[in-house]
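This report examines selected features of the structure shown below. Please keep the sequence and the model at hand while reading.

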Amino acid sequence: FNTAMSSIDGKSLGFKIEGNHKFFFVPENSKENGAVFLVGEIINKATFEKTVKSALDVSVKEKDEINFMYSELDEFKLTIANNAENFIAGISLNNDFTEQKIISYFENSNNSEKTDMSLKKYLEREDDFSYYISSKKIFSALKAMNLKGLNLDEIPENSAESFFALNFNKGNILFETEILNFESETGAKMNITGNGLDEKFTTFLTDNNKLIGFVMANLNTSAIASQLKDMKTKEILEINDELSNYGITISDIVEMFDGQFSLSLIDMDYKPSDKIEDLGYDDWNDMEWEDNFEESNNLESIPELIFNFGLSNQSKLIEYVNKSNLNIIDGEIYSFNDYHVIIKNNIFHLSTKLELLEKIQKNGSLGTFSLVNKDLINKAVYGELTTDINHFPNNLLFSLRSENISIDQLFEEINKISFNLSDAKSNLIIDFSDKTKNSLAKMFEMIYKRLAFMV
């Protein structure tokens, strides 16, 4: 990304194009207004001012060695201010607010005493794209605006400073998040990771070493239940009111589970062309087409998948579920509609394929999936999409090939798609087979190839 940006001649524009570009949003207290700011470095002051004046219809004034240029973009007011080293551009509904903030930023640009350590850590990063967010400041701004229909008093005001970043590296695209600081008004800690995932949960994903994708979780249900107890939102209160008929709360239900979980999407049908042709509609704007498409879609066989939840109190869960006029028995399969359930050995299994639960009932597992990374299963959440043609399910593979979708070529170019999450950090990685090219260039190359093939 930086290589592409550096091809633009910053010297002729008077400001630095390559490198990090910082945008930030600041709300105006007690008003439904705020401003978005862009900060940049000046290469040549005269050239920069000439560039702005040639691009925009501006009025100019100078204040304390800071040059201000003003322009209007419909109802928005654009303010651009610069000295010899930097510029700050701000856009809002109110020029006075934007100007006041810009002056403040220039005056405090060398003041390190007020630097927030979380923000300082974020600003030291060098990402292709990223943004920083403070929940405390967002809550404060929203409360000051007094927006109708928004009652923030029902939600615990946790203070979290975090960032989100996207980087196009050689060989991979990395999207990551991190909570830099977390404070709760209830004293709760950022502690969502459980005590570890039993490896047996990796044996409930598939019975033929093929699947589309899987997710595993290892969560701290006690912490989650505690958070739910502190929440007094309308929705939580309504749920607890309904559950009171059974002498239970949503927190009690959460604590029946031990936080261990695995889910896999094993196979599915994909026949979009057949569906569209069968409908007999030529007008894509016809509302009846949309209704019939949805109806046809519902007639398709449901995906083959399985959920597996670890239980901390199996007997209590069975007792609670059977209060809804069900008849769940330990170790026996219960079927309803197109779903099947078995509770066995402190694990709740739910699947759309009866044969899977029959195998678990008989053997205690389905078998292994060889692409699972055992080093990541103890993360709070870990998952992958299959990009290995040898482990991709047969039905979907056949359907995609019959639709002339070049799934084989795609899997040759993409090595792995995975994500994981811990207490404070998470990341999503798209890993390419070619480790020599920048991933953004690789992505454009892949898009170009497919567009050329379509033409």
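Glu49 and Lys45 both belong to helix α3, which covers residues 45-55. The two residues are 4 residues apart, about one turn of the helix. Their side chains meet in a salt bridge, with a distance of 2.8 Å from N to O. The model described here is a predicted one.

How many salt bridges does a search of the whole structure find? The search finds 14 salt bridges. One of them lies in helix α16, residues 439-454, where Glu445 and Lys442 are 3 residues apart, about one turn of the helix. The side chains of Glu445 and Lys442 meet at 3.3 Å, N to O. Lys442 is buried, with a relative accessible area of 8%, whereas Glu445 is partly exposed, with a value of 23%. Salt bridges can also share partners: Arg125, Asp127 and Glu176 are joined in this way into one network.

Arg401 and Asp408 form another salt bridge, in which the closest N and O atoms are 2.6 Å apart. Arg401 is partly exposed, with a relative accessible area of 40%. Asp408 is also partly exposed, with a relative accessible area of 30%.

## A patch of negative charge

On the surface, a patch of negative charge is formed where Glu62, Asp64, Glu65 and Glu107 gather. Where in the chain does Glu65 lie? Glu65 is in the loop between strand β3 (59-63) and strand β4 (66-73). Its relative accessibility is 69%, so Glu65 counts as exposed, because exposed means over 50% relative accessible area.

## Strand β14 and its neighbours

Strand β13, residues 333-336, runs antiparallel to β14, and 4 bridges join the two. Strand β15, residues 347-351, also runs antiparallel to β14, to which 5 bridges join it.

Ile342 of β14 may be followed through both pairings. Ile342 is the bridge partner of Ile333, and in β15 the bridge partner of Ile342 is His349. The hairpin of β13 and β14 has 2 residues between the strands, and Asn337 in this hairpin takes a positive phi near 55°. The hairpin of β14 and β15 likewise has 2 residues between the strands, and here Asn345 takes a positive phi near 55°.

Which residue is found in the loop between α12 (314-321) and β13? Ile329 is found there. Ile329 has a relative accessible area of 44%, and it is therefore partly exposed. Ile329 and Ile318 are 11 residues apart in sequence. In space, the distance between Ile329 and Ile318 is 7.5 Å, C-alpha to C-alpha.

Note on methods: Residues are numbered from 1 along each chain as its sequence is written. This is a predicted model: local features need pLDDT of at least 70, side-chain atom pairs count only at pLDDT 80 or more; totals for chains, interfaces and linings use all residues. Side-chain values use heavy atoms; hydrogens and water are left out. Patches are made of residues with over 30% relative accessible area and no salt bridge: like charges are joined within 9 Å, nonpolar side chains (Val, Leu, Ile, Met, Phe, Trp, Tyr) within 5 Å. Accessible areas come from the Shrake-Rupley method with a 1.4 Å probe; for residues, only the protein chains shown count as cover. A salt bridge is a side-chain nitrogen of Lys or Arg within 4 Å of a carboxyl oxygen of Asp or Glu. Lys and Arg count as positive and Asp and Glu as negative; His and the chain ends are not counted. The place of a charge is taken as NZ of Lys, CZ of Arg, CG of Asp or CD of Glu. Buried means under 20% relative accessible area, exposed over 50%, partly exposed in between (1.4 Å probe, protein chains only). Two strands pair if DSSP finds at least two bridges between them.
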